[in-house]
Structures are given as C-alpha cells and as structure tokens.
Amino acid sequence: MELIKILRSFTLFALLAGIAVPVMAQSSQSQSTGIRRGPRDKAADTQSESGVTQRMKAFYEEQDGSDADLQWMRIIYRSLDLGNPANQALYFPEEPSEEEESLIRIILKLVAEGRIPAYEYLDGREDFSDRTRLDVAEMLDRFHIPYTRAKGSTEKNPRFTIAPEDIPAYEVLSYYIIERWEFDTRSNRMDVKVDAVCPVVHRSGDFGMETVRYPMFWVKLESLRPWLAQQDIFVDDDNNLTRFTYDDFFAMNMYDGEIYKTRNLANKSMMQLYPDPDDRKRAQDSIQARLDSYDKHLWVPTREELEAAREAREDSVDGNSDAGKVKKEKPRRTSVRGRKRGEPKVKENSGPKQQKGAGSAVRSVRRRK
C-alpha cells in the first residue's frame with residue numbers, strides 16, 4: 001500500500017511538473033513579447049510637462065494632401081475683433097485660473113518655452129519655413145515683455161519664462177487668421193480650414209490719441225491644436241457648461257471676422273483696393289457671398305428640386321394672371337385723346353334705352369286706379 005501511495009504521489013508530481021513547464025514557457029513568451037512592444041508604446045505615450053504626448057501631436061498633425069485633389073482654393077485673411085460677442089471666448093478670462101486661460105496666454109507661453117514654432121509677420125507674404133522662424137528674444141524685447149532664461153535653455157534651443165502678470169493679455173484685442181477655402185474632389189464638398197493665427201497688440205500712438213495695431217507673429221494652428229483641444233471655453237452665457245474647446249471654436253468656424261485681405265498678385269489689402277468704406281463693405285459682402293455659394297453651383301439639381309422650382313414658377317405665374325384678371329374686370333375710362341379722328345363718341349352706359357311712351361303709360365294706369 002505504501003508503494004502504491006508513493007507511485008501515485010510521484011505520478012501526480014510529474015503531471016504537475018509537466019503542466020507547469022508549458023505555462024511558464026507561455027508566460028515567459030508573453031513577457032518577452034511585451035518587452036519588445038513596450039518601449040515603442042512608452043515612447044509614444046511619454047508626456048511632456050504640459051500633458052501633451054507625441055501620439056497626440058501626431059494625431060492632430062495634418063497630412064499633406066495633393067493639389068491634384070483640389071479643384072478650387074482661395075486664401076482669406078480675417079480680423080477677429082474681441083469686442084464682438086462671438087469672439088469674446090478668445091479674450092476671457094482676463095485672469096488665468098486652474099481650469100480656464102485666455103488664448104494669448106496659451107500661445108505666448110508655448111512660444112516662449114520653445115514648444116511650438118512661430119514665424120515673422122510679413123504682411124501678406126507669409127512663409128512658414130525656417131527662413132522666417134521667429135527670434136523669440138527679439139520679439140519679447142520689441143514688445144517690452146519681461147522674461148527670464150528657463151532651465152535647459154541653450155543657444156540653439158532658447159527657452160524663456162514669462163510671469164503671468166507680464167503677459168500683455170489686456171492689450172491683445174484682436175487676432176488675424178488665415179482661412180483656406182478648398183473644394184476637394186475626393187470628398188466633393190467645400191471645406192474651410194484655419195491655417196494660422198496672429199495675435200495683434202493694440203497700443204496708443206506716440207501722442208496717445210490714435211490706437212495702433214501691432215501684429216506679433218504667426219503660429220500654425222496644427223501645432224497649437226494638441227493644447228487647444230485640452231482647454232474648455234464658454235461660448236454661451238445662457239449655458240454655463242463648457243461644451244466646447246478652443247480647437248472646436250476654430251474647427252467649427254464659430255468666430256465672426258471681417259475680411260481685411262485676400263491673396264492677390266498685387267498684395268494689396270481691402271482698404272488699399274477700396275478706400276471708400278461703403279465700397280469696401282460691398283466688396284467684402286460680395287466675396288463672402290461667392291464663398292458661401294460656390295459649391296451650390298457645381299451640382300445638377302435633383303428631381304425634387306426641379307419640381308419645387310417648377311411649382312414655384314407656376315405659383316408666381318398664377319398670381320400674376322389673377323392680378324391681371326382683376327385689372328381687366330375693372331371698368332376702363334375712355335378719354336377723348338384715345339379716340340381716333342372720325343370715330344363716333346361712345347358713352348359709358350351704352351345699354352338699351354327705354355321708350356318714353358311705355359314708361360308714361362305705366363304711370364298713367366296707376367293714377368287711374
């Protein structure tokens with residue numbers, strides 16, 4: 001009996017050992033697979049100091065499309081006045097908090113820390129390349145913004161720190177944006193994209209009477225989007241829930257801006273082309289109307305649209321004919337000038353005349369009674 005117990009225990013031990021070996025091999029294989037895949041995901045998910053990962057940046061980067069896919073494109077320059085209620089979400093809050101921050105504070109902090117590139121304002125000849133890369137220190141000195149060298153700053157990669165109270169948030173009262181209106185043949189639709197943003201500082205002139213606008217620099221919106229997508233904003237005073245972000249604000253074209261320039265060969269603004277304010281306003285409205293209705297004239301109308309247009313024409317024709325009938329039924333006066341020479345005069349009441357005799361006979365009979 002003891003021998004049988006020993007054999008059974010040995011068999012059980014062998015079975016357990018035989019089962020454990022594949023399990024250990026499988027676990028080691030999965031661990032080795034995880035080790036091979038781990039560094040790549042870890043590098044992609046590595047967060048920067050502001051909470052933006054490399055994967056987030058790659059997600060918001062636009063793929064360069066081919067011009068062969070575009071049938072039509074137009075570049076529009078707009079000025080967003082922050083006094084307009086539709087654009088006030090870019091200005092408020094005036095003082096930053098843990099949850100909210102104005103747009104200029106986000107942009108200037110990222111540019112000073114070297115996280116996003118900025119480019120010189122060239123007044124219609126924008127070139128977003130390394131040749132026009134912004135010298136941040138020179139820009140901060142030009143606008144009299146105090147700063148200090150940040151930790152890790154080098155000559156090739158300078159980094160600066162700006163105190164929150166030194167950011168000119170109260171002076172940035174407008175923004176310039178570059179819109180790109182495109183009609184893509186792949187999607188067969190019109191698309192409006194904001195290509196770049198430029199903060200504009202409003203300061204009084206030398207004599208303190210006239211306000212002068214000073215454009216600061218251009219920033220590509222695609223480089224800003226990872227940070228803009230994390231910042232919630234208020235767009236409606238009737239709803240205190242922050243349902244939108246800065247990225248939604250530009251992607252959904254929730255702003256209201258005036259067209260101050262279109263890309264042209266002469267590189268002239270609307271004010272230079274149309275000095276008169278009324279002529280300039282009409283030209284701006286005409287450009288906006290053409291932009292809004294461009295894609296509507298590219299398609300053949302459907303059967304329902306044709307029937308609706310035909311019914312509308314018939315209704316208009318019927319209304320005109322009814323009005324004409326009413327006019328015809330109205331008695332028409334004949335003037336002397338309207339008659340031809342030698343034509344007999346026609347009276348208005350041309351009905352049959354009653355005979356005098358018949359009329360007097362009836363009256364005489366009643367008298368006799």
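# Notebook: a predicted model of 369 residues

**Entry 1. The whole chain.** I began with burial and noted that 27% of the protein's 369 residues count as buried. The model is a predicted one, and I read each entry below with that in mind. I then looked up the secondary structure, which comes to ten helices and ten strands. For the surface, I recorded an accessible area of about 26800 Å², with 52% of this belonging to carbon and sulfur atoms. I also looked at the contacts with a separation of 6 or more: residues 24 or more positions apart account for 61% of them.

**Entry 2. The cores.** I asked which residues have the most contacts inside the largest nonpolar core. They are Tyr175, Met216, Phe217 and Phe250, in a core of 46 residues. I next looked up the elements that each supply at least two residues of this core, and found helix 3 (103-112), helix 4 (136-142), strand 4, strand 5 (189-204), helix 5 (221-228) and helix 6 (246-251). Helix 3 gives the largest share, eight residues. I also noted a second, separate core of ten residues, and Met190, Ile259, Ala283 and Ile287 are among them.

**Entry 3. Helix 8.** At 1.5 Å a residue, its 17 residues should span 24 Å, and the end C-alpha atoms are 24 Å apart, which agrees. I then asked which residues of helix 8 are buried. They are Arg280, Ala283, Gln284, Ile287 and Leu291. Seen down the helix axis, the buried residues fall within an arc of 100°, so they line one face of helix 8. I noted the general rule beside this: an α-helix has 3.6 residues a turn, so residues three or four places apart point the same way.

I looked up what this face meets. The buried residues of helix 8 pack against strand 1 (70-81), strand 4, strand 5, strand 10 (258-262) and helix 7 (270-273). At the start of helix 8, I found a side-chain oxygen of Asp276 within 3.2 Å of the backbone nitrogen of Asp278.

**Entry 4. Glu182.** I located Glu182 in strand 4 (residues 172-184). Is Glu182 buried or exposed? Its relative accessibility is 10%, and the cut-off for buried is under 20%, so Glu182 counts as buried. I found its side chain joined to that of Arg180 by a polar contact of 2.3 Å. Not counting residues up to four places away in sequence, Glu182 touches Leu70, Trp72, Met73, Arg189, Met190, Asp191 and Lys193.

Entry 5. At 23% relative accessibility, Asn84 counts as partly exposed. Its side chain makes a polar contact of 3.0 Å with the side chain of Asp256. I also noted that Asn84 and Gly257 are 173 residues apart along the chain, while their C-alpha atoms are separated by 8.9 Å.

Pro93 lies in this loop as well. I recorded that the peptide bond from Phe92 to Pro93 is cis, with omega near 0°. Glu101 is a further residue of the loop, and at 18% relative accessibility it counts as buried. Leaving aside neighbours within four places in sequence, I found Glu101 in contact with Pro93, Pro96, Ile106, Lys109, Gln231 and Tyr246.

**Entry 6. Other loops.** I placed Asn157 in the loop between strand 2 (148-149) and strand 3 (160-161). Asn157 counts as exposed at 55% relative accessibility. Asn157 and Gly114 are 43 residues apart in sequence, and I recorded 7.2 Å between them in space, C-alpha to C-alpha.

I then looked for positive phi values in residues other than glycine. For His144, phi is near 55°. This residue has its place in the loop between helix 4 and strand 2, and at 65% relative accessibility His144 counts as exposed. For Asn267, phi is also near 55°, and I found Asn267 in the loop between strand 10 and helix 7.

Key:
Residues numbered from 1 in each chain as written. Predicted model: local features only at pLDDT ≥ 70, side-chain atom pairs only at ≥ 80, totals over all residues. Heavy atoms only, no water. Helix = DSSP H or I, 4+ residues; strand = E, 2+ residues; numbered from the N terminus. Buried < 20%, exposed > 50% of the residue type's maximum accessible area, 1.4 Å probe, protein only. Polar contact = N/O pair within 3.5 Å; in protein donor to acceptor, adjacent residues only side chain to side chain. Contact = heavy atoms within 4.5 Å. Core = buried A, V, L, I, M, F, W, Y, C linked by side-chain atoms within 4.5 Å. Expected span 1.5 Å × (residues − 1). Arc of directions from axis to C-beta. Areas by Shrake-Rupley, 256 points an atom, 1.4 Å probe, with all protein chains shown as cover.
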